[in-house]
Amino acid sequence: MWHGKIDARARSRSLTVLMRFSVPAMVLAWAAGPWTDTLAGKGGATNLGAIAKISQSRMYRWRDAKGMVLSGPQNETLSNNWSGYGINGGGNYTAMQGTWTVPAVSYQSYSGSPDVEASSTWLGVGGQDGDETLIQIGTMQAASPNGETEYFAWYEVLPDTEVPISRKQYPVKPGDTITATIECTAACAPYALSTWVLTLTNAGSWPQPYTLTLQYASSLTSVEWIMEGPCIKDCGSSSPGFAYMPNYGSTTFSAISVNNATPKLERSPNGIIMKDPNGNAMSMPSDPIGNSFTVNFTI
């Protein structure tokens, strides 16, 4: 559990619907099971209004029918829900930063025709290879078939669900330049109840940054910069249901740093490719250039 300077109303809103479209809102989820080469169903089309909690999730890897982990053509990680870059191993990651441009999203028609598609752009500490700790902050982008879209900022610490940040005070729109930082400031040791400061800046749009201080026990074992298909069903289980991604085009993560230094990212072992239920690449990172890389919608 965590405690901090949290807007109680925002906390309450985290238990409500992620998106409020005027059309009947439905999401077709697919799940990460022992293998992930088919649509999972998970009850089929799910009424979004009945979903109590929306969540980002730890990373789920693609596996074959025998449960063996699969890798990309350049030994990238293949994931059900993440794309981008991550660093895993070495430990004691206590500070990180990144900047991205909020992408404009549009509804992408998939087989099965989900009625709401969602993606999240974020940076975080933890959450790789079975690690159940994850602290993260970012933006959400969603689209429906009638052309409506939704954008907002949020933060999350597992196992809690995401907490939307006030849209009125901190509005988000396509083209905004977002800079996020996560920093441990006290008692910074693996699995210790540490003090963390999360900051989100929207250059030219917000009069001041959004800042949150909270207590959290992190593994400190990994860091990542991610475009994700968020979890919408059974998020704490071994087979969570993920939203389909809208077409987000591309967005670039820049000014990346870890523990106040530029990381040396490489496709192997740091790259992460997200695949759809049929095994097609849905979201893929470019080669890193210095302290930046681009993620691309590829279907």
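Residues are numbered from 1 along each chain as its sequence is written. In this predicted model, local features need pLDDT of at least 70 and side-chain atom pairs count only at pLDDT 80 or more, while totals for chains, interfaces and linings use all residues; side-chain values use heavy atoms, with hydrogens and water left out.

**Figure 1. Overview of the chain, with two helices and 21 strands.**
Helices (H or I, at least four residues) and strands (E, at least two) are DSSP runs, numbered from the N terminus. The chain has 299 residues, and 53% of them count as buried. Buried stands for under 20% relative accessible area, exposed for over 50%, and partly exposed for values in between (1.4 Å probe, protein chains only). Of the contacts between residues at least 6 apart in sequence, 69% join residues at least 24 apart; a contact means heavy atoms within 4.5 Å. The accessible surface is about 11,700 Å², with 52% of this area belonging to carbon and sulfur atoms. Accessible areas come from the Shrake-Rupley method with a 1.4 Å probe, and for residues only the protein chains shown count as cover.

Thr 201 counts as partly exposed because its relative accessibility is 29%. Leaving aside neighbours within four places in sequence, Thr 201 is in contact with Thr 177, Ile 178 and Thr 179, and also with Trp 206 and Pro 209. Tyr 170 lies 31 residues from Thr 201 in sequence, and the C-alpha to C-alpha separation of the two is 9.2 Å.

**Figure 2. Glu 156 and the backbone nitrogen of Glu 162.**
Glu 156 belongs to strand E10, residues 149-157. With a relative accessibility of 0%, Glu 156 counts as buried. The Glu 156 side chain reaches the backbone nitrogen of Glu 162 at 2.8 Å.

**Figure 3. The disulfide of Cys 184 and Cys 188.**
The structure holds one disulfide, a term for a pair of cysteine sulfur atoms within 2.5 Å. The sulfur atoms of Cys 184 and Cys 188 are 2.1 Å apart. The link is left-handed, with -105 degrees about the S-S bond. Cys 184 is classed as buried because its relative accessibility is 8%, whereas Cys 188, with a relative accessible area of 33%, is partly exposed.

Note on methods
A polar contact is a pair of N or O atoms within 3.5 Å; within protein, one must be able to donate a hydrogen and the other to accept it, and residues adjacent in sequence count only if both atoms are side-chain atoms.
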